[in-house]
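Biologist: I have the model open. Can you walk me through it?
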Amino acid sequence: MFSLFYGLWKHLFSKTELHVLILGIDKAGKTTLLEKMKSVYSNIEGLPHDRIVPTVGLNIGRIEVANSKLVLWDLGGQAGLRSIWEKYYEEAHAVVFVADASCPSRFEDVKSALEKVLRHEDLRGAPLLILANKQDLPEAVSAEELARYLDLKKLDERVYMFEAVSAYDGMGIRESAEWLVEVMERSKRTEMLRVRAGATGPDSV
Ligand SMILES: Nc1nc2c(ncn2[C@@H]2O[C@H](COP(=O)(O)OP(=O)(O)OP(=O)(O)O)[C@@H](O)[C@H]2O)c(=O)[nH]1
Ligand SMILES: [Mg+2]
């Protein structure tokens, strides 16, 4: 009996975690961003830049932003590793797509990788945050310029935003995280994932 009421209480009052998938081609700065977000939103100092190596598996970070609990999933972006991304789509509440804004020679690669992500059925309705990273470098293009370069179609019904950030100095990080939480909390996809977790998860009543 107690467990029944406890389960109901937990279901009604404890918020489920929101899963944020951090994607982008290799060297975009995803892991550096993850470490920066951890240090901005918790007291734990993130890994120093020179200790971050190319990602092969999965890095996970947990942060709390505006009373919402986020789980950040950072995956490797090397071409041979991108086929792993889709295994995480179904459970993701939102996608952060990181691009190295200082490297126009790779924008075509960025565009095709992002278009492939957007076409995937399992990410239907997932809010999208596209980050023009490395703004601390003088050659970095702005968020607006990156948007023009990428010239994305099929964004009509998706909630999305381009933001200029620097995973080094923290520029744009708080604005990005707060926007993400706001749109995730309002999204139909979050509602759907919460119902599904409530119906099938260990806390179901
Ligand atoms: N100047 C500058 N360099 C950055 C920034 N973010 C990342 N870098 C550098 O870019 C390189 C790649 O960073 P990572 O964080 O490993 O990139 P990644 O996207 O995780 O790469 P993969 O794990 O291979 O997919 C490293 O040398 C970082 O120090 C930034 O905001 N500014
Ligand atoms: Mg990485």
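Modeller: Strands (E, at least two residues) and helices (H or I, at least four) are DSSP runs, numbered from the N terminus. This is a predicted model, where local features need pLDDT of at least 70, side-chain atom pairs need 80 or more, and totals for chains, interfaces and linings use all residues. Residues are numbered from 1 along each chain as written, chains are lettered from A and ligands numbered from 1 in written order, and side-chain values use heavy atoms, without hydrogens and water.

Biologist: Switching to ligand 1. How many residues surround it?

Modeller: 20, counting any with a heavy atom within 4 Å. Among the closest are Lys30, Gly77 and Asp136. Helix α2, residues 30–41, gives the most to this shell, with three residues.

Biologist: Which polar contacts does Lys30 make with it?

Modeller: A polar side-chain atom of Lys30 is 2.7 Å from an oxygen of ligand 1, and a polar contact here means N or O atoms within 3.5 Å.

Biologist: What about Thr55 and Lys134?

Modeller: Thr55 uses a backbone N or O atom, 2.8 Å from a ligand 1 oxygen. For Lys134, a side-chain N or O atom lies 2.9 Å from an oxygen of the ligand.

Methods
A polar contact is a pair of N or O atoms within 3.5 Å; within protein, one must be able to donate a hydrogen and the other to accept it, and residues adjacent in sequence count only if both atoms are side-chain atoms.
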